[in-house]
Structure formats: structure tokens, C-alpha cells
Amino acid sequence: MTNAKSKILSAAEQLIFEKGISNTTISEISKNAGVVDSHVYQFFKGKDQLLFSVAQERMKKAIEQLNAHLEGIKDAESRLRKMIWFSLNYNDSHRGYARMLLFECRSNKDFYLTPAYQLIRQYSGILLSILEQGVEDNSFCADADMHIVRDIILGTLDFEAIRFISNQENDTWMKGYESIISLILPMIKLRPEKQIPGKKDKILDAAEKVFARKGFAKAQISEIAKQAEVADGTIYEYFKNKEDLLLSIPEKRLSEQMDKLSGEFSIQSPLRKLRRIIRYHFALHLNNREFLKVFLVNILLNNRFYHSKAYGKYKQYLNLIDEIIQEGKTEKCFRQDIDPQIFKSMFLGTFSNMALRWLILENDMNNDKMMEIDNLVNLFSTSVSAD
């Protein structure tokens, strides 16, 4: 990088951090850099490109520092803890950069086409590789969708930063570190005590797959036994014949549906209430895609929103989560150490990351959104549960 370009970037960074991009002029930047205005345009087309270049240089440094912090740390859990710690500490130490990245860069759709954003994806990739390492070395559970866990972690960090910036809180952002860890680890840590489905359920699940694949007439008991990893004779310990096995499948599924349905009409459990509000939030926004795109980029990443009348209404809506968590603590079905504010940041940040990925970054690819939402609901349920 030339000396002049470096001076321009340094001057732009300082001014943008202090005043924001809209209140910063090219002439101010050139004056602080000790160059004439035309020199700025030799390197940058305009303020947006200059803004994105500042973010790019900062992100390069952050990745270098993160890799240095992770050097020599072998186990996945320690690496995960260190990355979350580093992210909070970096944002805390560089609040101007955090504000610029969230409210200046990521609220601009052009940012997602820049090299700076590719570095953010690289940062995200480091986190995903740590989570996948934990699955490979059997310290994290394999049935957790680590792409969603990544969204949960990054979303939580984003919305903690937004909360501190928008509320102008002077407290250290690192204060929430242990609360974040206490919500994340239960989602992904192996749970040896987890119940293994009984043989009867395994047989029914296997029969369902085989019948669906081959049809009732062509399906054989031996195939079902192989799918269920049991001996042929074991099936006859639970079912009279193949038809009895077939008719037992809807009995099981309908019983499960009735259990869920009863909860829809009379929700007493705080956990069910929490699961319901998570699903409701996704459904509410996904049913209005135009509003969602505006909400994600132009509202949530707009600092003025957090000082508007609309935010007061939004806080009333989010207070429902506080009430559910408090109810869960009172009934002792939620862990007592849950920080409701951290959980709300986690919830909103995860929603924002997932929805942004679905609607903007992946250009509406045919991913199974319902399955991802189901996985997310299960991860959050595991995270707060006292069991």
C-alpha cells in the first residue's frame, strides 16, 4: 500500500468513527491526510468505496490477531471460548469500528459485494471450522446443525454490539461473556445421559422409511430389521406381523401430533411458550418478504431506530421473552443463570443472520427453511432447559 493511500485510509477511519460516513466529507479526509482532494479520487471512487476499504483493512488485522490468539490452542471448546472472548474484546476495544461496520457498512447492500465482506465470511469460516472440529473429535454433538450454531454465535455478538452502541452503554462488553458461553455450550456439548430411542421406536422409524421407499407389498421384514439394526426375530417381539407393524406407524405419529396439538390450545409450559414465540417471530417476518428485507438492512442496522417511537413498540414485543424466561426460572424448568438480555440478543441476532442469509446472501436458494427453524428451536430449548 502506498504511503498516500495509507494516510488517506487512516484519516478516513478516524473521521468516520467520530462522525459517521454521512457527516464526513472528502475534503475533510484529504485535509487530515495532508493531501489534496484529487489524490483521494486516485485511489477511491467515492466515500462508499473508502468506507468499505477502511472496513477491509480493519478486518484483515482482526483475522490476523484472531489467528495469533488461537495459535497453540488445540481442543475445540477452548478455541470456541477464545474466539467468542476475542470477538467481544475486539468490539469493546474498537467501538468506533464496531459502530461503523454495523451501522455504516452492513446497512448498505453494496457492502455484500466487496472484498471486505469476503473477509467477514472468512472470519465466519474460522468459527464454523472450530465447531466442526468439535464434532470430529467428539466434544460437540453431531446432531446439532453447526451452520445454525454459527449464526447463533455471530448474531449474538452483533446484537450485543448494537445494544451497547445504541444505548451508549459505557460498561465493558466482556461482561456478557460468561452468559453467552452458558447459553451456547448446552446446545452443542455431548450429553451422554441423552436417552436412546427404544427398540420398538427404532423398528417403527425403520419401517416407515422402508415402506416409504419400497411400498408395503414389496417391503420385507428382513429389510426393516436391517434398517433398525436388530435381528429379524426382534420385530416379532413387538409386532404380530407386517400389517400390524404398518398400522402401528400412524398410531405413533398421531399420538405425537395430538400431544403437540394439545399444547397449541393450552400453553402452560414456559418452554412451549418460548418455542411458540420463536416460530411466530420467523413466520411473522417471512410472510412479508419485502418488509423483512427493509427491516434487516434499513431498520435493525440503523442507529436512529433505537431512539424512535417504533423501537418502544418493538421493546414491548420483546418483553414477552423476558416474561417467559422469568416464568421458566420461577417454575425451575429454565436454568437460573440465564441472562434474559443476552438471550434476546442471541434470539434477534440469530434471526437476523439466518434471514439475511436466506433472502439476500443466498439469493433465495432452495434451502429447507422449516427444517432450519426446527433445528434452531431445538437448540434454543436445549440451551435454556434446566434438565
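A charge is said to sit over a ring if NZ of Lys or CZ of Arg is within 6 Å of the ring centre and within 35 degrees of the ring normal; in this structure, the charged end of K242 sits over the ring of F216, 4.6 Å from its centre. The model is predicted, so local features need pLDDT of at least 70 and side-chain atom pairs count only at pLDDT 80 or more, while totals for chains, interfaces and linings use all residues. Residues are numbered from 1 along each chain as its sequence is written, and side-chain values use heavy atoms, with hydrogens and water left out.

**Nonpolar cores**

- A nonpolar core is a set of buried Ala, Val, Leu, Ile, Met, Phe, Trp, Tyr and Cys residues joined through side-chain atoms within 4.5 Å, where buried means under 20% relative accessible area, exposed means over 50%, and partly exposed lies in between (1.4 Å probe, protein chains only).
- The largest nonpolar core has 114 residues, of which L80, I188 and F343 touch the most other members; helix 8 (residues 146-166) gives the largest share of this core, 12 residues, with helices taken as DSSP runs of H or I of at least four residues, numbered from the N terminus.
- Apart from this core lies another, of 16 residues, and among them are I203, A219, V230 and I249.
- Leaving aside residues up to four places away in sequence, I188 touches L80, L131, S139, F140, C141, M146 and V149, contact meaning heavy atoms within 4.5 Å.

- In helix 2 (residues 26-33), the buried residues are I26, I29, S30 and A33.
- These residues cover an arc of only 95° around the axis, which puts them on the same side of helix 2; the arc is that of the directions from the helix axis to the C-beta atoms.
- The cover over the buried residues of helix 2 includes helix 1 (3-19), helix 3 (37-43) and helix 4 (47-70).
- Just after helix 2, G34 takes a positive phi of about 75°.

**Aromatic rings**

- The structure holds 19 aromatic pairs, counted where rings of Phe, Tyr and Trp (its six-membered ring) have centres within 6.5 Å; planes under 30 degrees apart count as stacked, over 60 as edge-to-face and the rest as tilted.
- One of these pairs, F52 and F111, is tilted, at 5.5 Å centre to centre with 55° between the planes.
- Because F52 lies in helix 4 and F111 in the loop between helix 6 (95-105) and helix 7 (115-136), this pair ties together parts that are 59 residues apart in sequence; both F52 and F111 are buried.
- Ring pairs also link F103, F295, F305, Y306, Y311, Y314 and Y317 into a cluster.
- K82 lies over the face of W85, at 4.4 Å from the ring centre.

- S87, found in helix 5 (residues 76-93), counts as buried at 6% relative accessibility.
- The side chains of S87 and Y123 are joined by a polar contact of 2.6 Å, a polar contact being a pair of N or O atoms within 3.5 Å, of which, within protein, one must be able to donate a hydrogen and the other to accept it, while residues adjacent in sequence count only if both atoms are side-chain atoms.
- I165, found in helix 8, counts as buried at 11% relative accessibility, and I165 touches A98, R99, L102, F103 and W173 when residues up to four places away in sequence are not counted.

Terms used. Helices (H or I, at least four residues) and strands (E, at least two) are DSSP runs, numbered from the N terminus.
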